[in-house]
Amino acid sequence: MASPSNTNTRKSVLLASYGYPSQPGMVRAVAAAAAASSSDGPSSPGGLSGRKGSISTTRSSHRYSQLYSMAAEQDVEVEDDLARAQKRLRELKTKISSQSKKNFVLERDVRYLDSRIALLIQNRMAIAEQREVAEHLEEADQSDGLFPDDRKLQSYGNLFFLLQTEPRHIATLCRLVSLTEIDTLLQTVMFTLYGNQYESREEHLLLTMFQSVLSAQFETATEFGSLLRANTPVSRMMTTYTRRGPGQSYLKTVLSERINSLIEHKELNLEVNPLKVYEQMINQIEENTGSLPPHLPRGVPPETAAANPDVQAIIAPRLSMVMEIANSFLDTILESIEQVPYGIRWICKQIRSLTKRKYPDATDFSICSLIGGFFFLRFINPAIVTPQAYMLVDGLPSKHPRRTLTLIAKLLQNLANKPSYAKEAYMMTLNPFVENNKARINKFLNDLCEVGDFYESLEMDQYMALSKKEINLHITLNELFNTHQLLAQHRDTLAPAEKHHLRMCLNELGPAPVQVPRKENKTIVLPLFSRWETPIQDLTSSFLQETNITQADIMYMETKSILVQLIRSIPGIADKRPLDLMKIAETAATTKDAILVRKGIKVKEMLIELVAMNVVDDQFTFMTEEVTEELRHLGNLREKVNEEAASLESVYKTIGDHNNYLRSQLDSYKAYLQNVRMQSGGGSSPGQGSGVGVVTVGGKEAKKGKQQVLGPFKFTHHQLEKDGVIAESNVPENRRSNIFFNITSPIPGTFIIALHYKGRDKAILEMDLKLDDLLEKQQDQVQLLDLEYVHFNVNKVLALLTKTFIKR
């Protein structure tokens, strides 16, 4: 067992690591907060003060029962409905955390490739650059790997334990890196170092890091108006945090239904910009009559368009409708305050606290504008403007709903911030929405900040971490090496003293290894440990030593918890009320299950001993009440766990669908790049700089080999409609079963789509498609491809062609 001096030192180090002073008796306070830190364990509602014995009335049973539940019962398996629901919920949370990281990486790849593919389409990329893009498209090795050097693996384990448990290092590093480096670092921090997004310890450590980052941001701020608004590593951090599982789940639950009901009205045009309305109006007149009257010229200034009576008549009813829709969105958001993830609310709380400290004279409205700048600008509005990127809708909304969503986001932002109409004077006409809702939004933003702190429960989490046999991190080699390189680069700022633990770790590791090729970037399991912390071998003994909890307290808690386990494990044993605890123990002791027999005998002996020690009366009155309350609490908990699991199932499916979409996008890019490199001599020497479309080998024109024709592949109208490839169809319902499509690829990157009618040899319609044309349409956000009889969804047809031809 750890000595008192070692234990006290360990407590002080744990507290100091995240910036809070060690306090006398903190372990007792920590135990009190432990109930809030466990997502699966119940909190016992009873109290010790009512039972016999000289137990201090300032401590209650639920504090220490929860502590015992966390420490002593971790390995107990109870197979009842609650246990199965909790297991399902834990698995779901783990899957969402893992999938969120995969999506974050894929989104980064797609963003990078969007710009590179645009150059390819414009014939502006040399062969050397094509190779670079091709390497970026290589599949990473998904299998787990082994780190070749055991000594270095231990050093990395020590370094990353230090980084995880002392968030100030990462907080400082995030302020030092450039914008080009931040995304890779954020991937490691948000989805690996603190990747278990539903585990309280990692979440609270991550939030502690945010507090350090925000404090430094406020300290160095020179202008109130620029706080948290510029595109900096800090603002990127805050946006990335909202993309974790809990934030995604909230957006899906709160916004998805409202956005989907709006985008169903594809033809609902609610444009209120007078200039755009004027242009749409004269275009319609010209289309209908063939010419424009002299009093409606093109190219008029905004003032002229706004003064036109017809434009005003078109806009007036639209203004009312836009404000009505915006109000419905606002109502939904305001009613969801209890669903907002704790971490996002806690960040809002820090923004309010830091603002009041830095600017004591700031008005409530000014403070709320900063909170709104985070909550709406970084969290809510991006999801409203681009719901497809947040997995709230299937595919890109059509033109008119997309514009309406943008107007709603502008209104919400104007409401949360001090509105400026300098650039968009027409938005002034929607100002009644802002004026009518100012008080509501300010109350909401202040209410967001009303959440408790977690510092005491975090120390309990840290304390528990030292008692665990294993803490592992699943991390890729390049995440390991990139973090090492950034730390070494800023070593003198992060750890100036030679005896600084971080500097000692970096000196021991030496120079950072170079990044490995993408296909060799394996994920390894990194065991975390600290050479400077003493592991706790016996947590119960440690707490007995550090607090005034007695052995009788421990026995009372253990007896109660075993009784609850027995009741959960033996169906029908608790049907009769009031509970007969001794009979429950005797029933368990006579079952055919060896484990239950042992527990039954043990708890029977403990009940007798507690009576002999004068801790409980011979009727077990107070313990019976506490066990009954605990069972009631567990019943309520089971319902909540099932509700949360059902909600997260939907989130997980959505995240999985988004992953499939991102992968199909990457496959499309691969197909195009493969085609371009084939046509431009991609296999030639690195020194060549030929552009796209120049077919050369060794400086001479290459002879084209015979191309293999792929296809035809047959698809029915029903199949393509079901898969969403056919977005709209002009084929009569009664004839659709006779329609099918044959798709052929005569040369890479070129496709012939032929529409056939059963019984006819000749195709009704043929269309020649080029892959670069489709990608260009996608770049320009053109949603539909017109095949006369049907309209194809551009994204879906790209995915279909990729799946059908590139995999072969």
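Predicted model: local features only at pLDDT ≥ 70, side-chain atom pairs only at ≥ 80, totals over all residues.

Me: Why is Asp553 called buried?
Reply: Buried means under 20% relative accessible area. Asp553 has 2% relative accessibility, so Asp553 counts as buried. This residue is found in helix H24, which comprises residues 551-569. Asp553 and Leu610 are 57 residues apart in sequence, and their C-alpha atoms are 9.9 Å apart in space.

Me: Why does Arg243 count as buried, and where does Arg243 lie?
Reply: The relative accessibility of Arg243 is 18%, and the cut-off is under 20%, so Arg243 counts as buried. Arg243 lies in the loop between helix H10 (233-242) and helix H11 (245-263).

Me: Which residues are in contact with Arg243, leaving aside its neighbours within four places in sequence?
Reply: They are Glu107, Gln248, Ala389 and Tyr390. Contact here requires heavy atoms within 4.5 Å.

Me: Which residues of H12 are buried, and what makes them line one face of the helix?
Reply: Pro274, Val277, Tyr278, Met281 and Ile282 are buried in H12. Seen down the axis of H12, the buried residues fall within an arc of 125°, and they therefore line one face of the helix. Helix H13 (302-307) and helix H14 (309-334) are included in what covers these buried residues.

Me: What makes helix H9 mostly covered, and how far does H9 reach?
Reply: Of the 21 residues of H9, 18 are buried, and H9 is described as mostly covered. From first C-alpha to last, H9 (residues 200-220) reaches 30 Å, close to the 30 Å expected at 1.5 Å a residue.

Me: Why is strand S9 said to be largely enclosed by the rest of the structure?
Reply: Strand S9 (residues 750-757) has 8 residues, of which 6 are buried, so S9 is largely enclosed by the rest of the structure.

Me: How do you know that S9 pairs with strand S8 and strand S10?
Reply: Two strands pair if there are at least two bridges between them. Strand S8 (residues 739-745) is joined to S9 by 6 bridges, in antiparallel fashion, and Phe741 has Leu755 in S9 as its bridge partner. S9 is likewise joined to strand S10 (residues 765-770) by 6 bridges, again antiparallel, with Lys770 in S10 as the bridge partner of Thr750. Each pair therefore meets the requirement of at least two bridges.

Me: What do S8 and S9 form, and which residue in the turn has a positive phi?
Reply: S8 and S9 form a hairpin with 4 residues between them, and Gly749 in the turn has a positive phi of about 90°.

Me: What makes strand S7 and strand S11 edge strands?
Reply: The open sheet has 3 strands in the order S7-S12-S11, with antiparallel pairing. S7 (726-729) and S11 (784-786) each pair on one side only, and these are the edge strands. Neighbouring strands of this sheet are turned by 25° against each other on average, direction ignored. Between S7 and strand S12 (residues 790-793), which run antiparallel, there are 3 bridges, and Ser729 stands opposite Val790 in S12.

Terms used:
Residues numbered from 1 in each chain as written. Heavy atoms only, no water. Axes fitted to C-alpha atoms, helices over the stretch in contact; angles between N-to-C directions. Buried < 20%, exposed > 50% of the residue type's maximum accessible area, 1.4 Å probe, protein only. Arc of directions from axis to C-beta. Expected span 1.5 Å × (residues − 1).
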